[in-house]
Amino acid sequence: PGPVTVAAVDLGASSGRVIVGSVGSGTVRLTEAARFANTPVRVQGTLHWDILALYQGILDGLRAAARHGALASVGVDSWAVDYGLLDGDGRLLANPVHYRDARTADVAAPVPAAALYAATGIAHQPFNTVYQLLAAAGTAQLAAARTLLLIPDLVTYWLTGTTGAERTNASTTGLLTAGGAGWDLPLVSRLGIRASLLPPLRDPGTVAGPLLPGTVTGLTPDTLVTTVASHDTASAVVGVPARGPAFAYISCGTWSLVGMELAAPVLTERSRSAGFTNEAGVDGTVRYLRNVMGLWLLQECMRSWSAAASGPASGPAFGAFSGGGAAGASLDVLLAGAAAAPALRSVVDATDPRFLAPGDMPARIAAALRDTGQPVPDDPPATTRCILDSLALAYRRAVHDVQELTGRHVDVVHLVGGGAQNALLCQLTADACELPVEAGPVEAGALGNVLVQARALGLVEPDLAAMRALVHASRTYRPRPGSAADWSAADRRLPRPAR
Ligand code: LFR
């Protein structure tokens, strides 16, 4: 038999993609069928996702994907924590709110942080679903809601009519018991959240339903919608080309998620205060990781620089990152300038929540540098260098801490996602971590999505190691000798955050 065709819908914070996976015997080939911008919209002060524009992009993308071959299956993954609310008729009540919106900034939970961590294993992030629901308490919208669906589950509902909460993504709500076995109902009730909002959990690799007839022109219910590891980071971790157990991963896109795959959660107070979270992975694994701001720092700087270059009136209030364009410096030019700029001149803490919200990122970086008595870069290439050095330093800290907190040894770092294309960042990561970095695949998330569908269709060997054997890194970066002392000196310049 020839290869089987499936489609991965992979929604990221700055763009959505529909990627065709062609699964043959012992091979998986990806082809991009469509890519569309994900442009958030601020309405009366609240930052929203434009969910219908995304859905339109998905429908058009699936039509384009079907031109590559009859689709046996479709799977949807996206960023985590955000949700849509359905009313009693199953209609979406409002556009989902963006996790970078300020509504959760001052929310205090009625349960102490240490108790939340002990119960759920999820590290405090202001945007976790639990805090979004607490921020929404008392609103007419929440009162009218009957079902909460996380973003990929909402898209899956529109495609199939079935509701559920996919387990890897559901873990990021902060409402599952640690390890992800089930909703923590006593906790949900202590928090004053209506348990009836939360749909039954479903597992990656199960069928959500056939595609509803008439939903995508040209596609029939012969196409199944398969539940995948619907948290993009969980799919990316499936798509890590690990060859043994002693690996750390960096899923590097808008965010950088740095950690290890474990068999059980780590719930110690040291782990909590170090900011490590225990998200659910496929097959009962735990994604033990720390959130690092990631390429968001650079994307937001580029947005500021291009708005400045095009004049105050013409810059979008919140535009999707366009990769530069005529007004701003292009990414390639910035990276070439950053490679030539002096190394480790100034570094910021790339886990600092001050960088979370959209805004004037060059000014925030400058303020952080002044706070720590370091020189402020005076042009975009030097600022870009500061960002990449700071990311590599944050990776160094996370790779060091994860070994200390788990008692496990790491001998290779896999850097997957868009950041794997950034040769300077990959080299700095190898230097800072003092470990070889295997870079790629760039589309690890889509690949993990495709692999879980392929497994559900019985097309690949079922164990994770065998699935990963079908995935390949694109390049190895080795640490350059002699740079370790510079990284530990840079590390000493920045106080460790107290959580
Ligand atoms: C990455 C990601 C992270 C999550 C953040 C917010 O795209 O899913 O894992 O912490 O977005 O949802």
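What pLDDT does the protein average, and what share of the residues score at least 70? The average is 95, and 96% of the residues reach at least 70. This is a predicted model, with scores of ipTM 0.99 and pTM 0.96.

One stretch needs separate handling. Across residues 314-328 the pLDDT falls below 50. That stretch still has 31 contacts in the model beyond near neighbours in sequence. Where pLDDT is low, predicted coordinates should not be read in detail. Treat residues 314-328, with pLDDT below 50, accordingly.

Now turn to the helices, with α13 as the guide. Helix α13 spans residues 380-406, and helix α10 spans residues 296-309. Their axes come within 10 Å and cross at roughly 165°. Angles over 145 degrees count as roughly antiparallel, so α10 is roughly antiparallel to α13. The crossing of these two helices is right-handed. From α10, the contact uses L297, L298, C301 and W305. From α13, it uses P380, T383, T384 and I387. By class, six of the residues in the contact of α10 with α13 are nonpolar and two are polar; none is charged.

Follow α13 to its contact with α14. Helix α14 covers residues 423-433. It packs against α13 at an angle of about 40°, with the axes 8 Å apart. That angle makes α13 oblique to α14. Here too the crossing is right-handed. On the α13 side, the contact is made by L388, D389, L391, A392, L393, Y395, R396 and V399. On the α14 side, look for L424, L425, L428, T429, A432 and C433. The contact of α13 with α14 has eleven nonpolar residues, one polar residue and two charged residues.

Next comes the ligand. Which residues come nearest to the ligand? They are W79, A80, V81, T233 and W255, out of 13 residues around the ligand. By class, the shell divides into seven nonpolar, five polar and one charged.

Two loops carry backbone details to check by eye. The first topic is a peptide bond. G440 and P441 are joined by a cis peptide bond, with omega about 5°. P441 sits in the loop between β18 (437-439) and α15 (444-456). D283 is not a glycine, yet its phi is positive, at about 55°. Find D283 in the loop between strands β15 (277-280) and β16 (286-292).

Helix α13 is roughly antiparallel to α10 and oblique to α14. Then visit the ligand, with W79 and W255 among its nearest residues. Finish at the cis bond between G440 and P441 and the positive phi of D283.

Technical notes:
Residues are numbered from 1 along each chain as its sequence is written. This is a predicted model: local features need pLDDT of at least 70, side-chain atom pairs count only at pLDDT 80 or more; totals for chains, interfaces and linings use all residues. Axes are lines fitted to C-alpha atoms, for helices over the stretch in contact, and angles run from 0 to 180 degrees between N-to-C directions. Helices (H or I, at least four residues) and strands (E, at least two) are DSSP runs, numbered from the N terminus. Angles under 35 degrees count as roughly parallel, over 145 as roughly antiparallel, 65 to 115 as roughly perpendicular and the rest as oblique. A crossing is left-handed if the near helix is turned anticlockwise from the far one by less than a right angle, and right-handed if clockwise. Two residues are in contact if their C-beta atoms, placed from the backbone, lie within 7 Å. Ala, Val, Leu, Ile, Met, Phe, Trp, Tyr, Cys and Pro count as nonpolar, Asp, Glu, Lys and Arg as charged, and the others, Gly among them, as polar. pLDDT is the predictor's confidence in each residue, from 0 to 100. A residue is near a molecule or strand if its C-beta atom, placed from the backbone, lies within 6 Å of it.
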